[in-house]
Amino acid sequence: MPICSVFIATSLDGFIARPDGSLDWLDDANTTVPAGTELGYEPFMRTIDVLVIGRNTYDKVLTFGAWPYGSKRVVVLTRRPITIDPALADRVSASAEDPAALWARLGAEGAQRVYVDGGVTIQRFLAAGLIDNLTITVIPVVLGAGIPLFGPTGRDVALTLFDVTHYPFGFVQLRYRVTRPDR
Ligand SMILES: NC(=O)c1ccc[n+]([C@@H]2O[C@H](COP(=O)([O-])OP(=O)(O)OC[C@H]3O[C@@H](n4cnc5c(N)ncnc54)[C@H](OP(=O)(O)O)[C@@H]3O)[C@@H](O)[C@H]2O)c1
């Protein structure tokens, strides 16, 4: 069955976007990253078969102009009507399956590594016990309010820290495995 990973940037106070979804703080922080610095995103993406993203993340990504996921297969979780650009229809689909059902289907379809993205979506996969590892890049800013990475889980989620990288420009990248004896 597929391994599910999170790879995300947060403010020090745990927000992935401002309340209105804005990522200007992240764009500003990224201007401090020296050209050519590798934060691990590209190697991570090379391991991924399928992205599962929430509707809000999808809507935000569409404002970027260029589609950022190349030829990767993307499943957008939503219960609302959605329009998918015909140019992306060969690789982007929508679903309202619950995390366990989607995970099982992707596994049956041969997916091995799934990238789960979007706050609510990550929270639902985490609560369902389906996240295997998280790479969290902490940006040195306190936003005070915003869209949180984490929310109610229904139970504690124990983590094993297996790597920390501190960058000279102030980012800290934390890499965790979810501690789960059952898998
Ligand atoms: N800092 C970063 O690295 C980073 C990374 C990713 C995203 N972001 C930002 O985070 C914000 C989005 O996060 P978010 O927490 O608002 O939400 P999200 O997870 O992107 O989207 C949440 C929505 O996805 C749909 N959804 C999720 N699970 C579902 C399921 N099992 N079945 C059906 N629909 C499901 C629901 O939409 P419906 O209303 O259609 O039911 C839900 O309201 C954006 O601003 C984005 O830019 C930041």
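Me: Which conventions apply before I look at the strands?

Reply: Residues are numbered from 1 along each chain as its sequence is written. Because the model is predicted, local features need pLDDT of at least 70 and side-chain atom pairs count only at pLDDT 80 or more, while totals for chains, interfaces and linings use all residues.

Me: What is the order of the strands in the open sheet?

Reply: Helices (H or I, at least four residues) and strands (E, at least two) are DSSP runs, numbered from the N terminus, and two strands pair if DSSP finds at least two bridges between them. Here eight strands form an open sheet in the order 5-4-3-6-1-7-10-9, with mixed pairing. Its edge strands, which pair on one side only, are strand 5 (92-95) and strand 9 (159-166).

Me: How many bridges join strand 3 and strand 4, and in which sense do they pair?

Reply: Strand 3 and strand 4 pair in the parallel sense over five bridges, and the bridge partner of Leu51 in strand 4 is Val74. The chain passes from strand 3 through helix 3 to strand 4 in a right-handed β-α-β crossover, a term meaning that, with the strands pointing away from the viewer, the path from the first strand over the helix to the second runs clockwise.

Me: Is strand 4 mostly covered or mostly open?

Reply: A residue is buried if 20 or more other C-beta atoms, placed from the backbone, lie within 10 Å of its own, exposed if 12 or fewer, and partly exposed in between. In strand 4, four of the five residues are buried, and the strand is mostly covered.

Me: Which residue of strand 5 stands opposite Val76?

Reply: Val76 stands opposite Ala94, and four bridges join the parallel strands 4 and 5.
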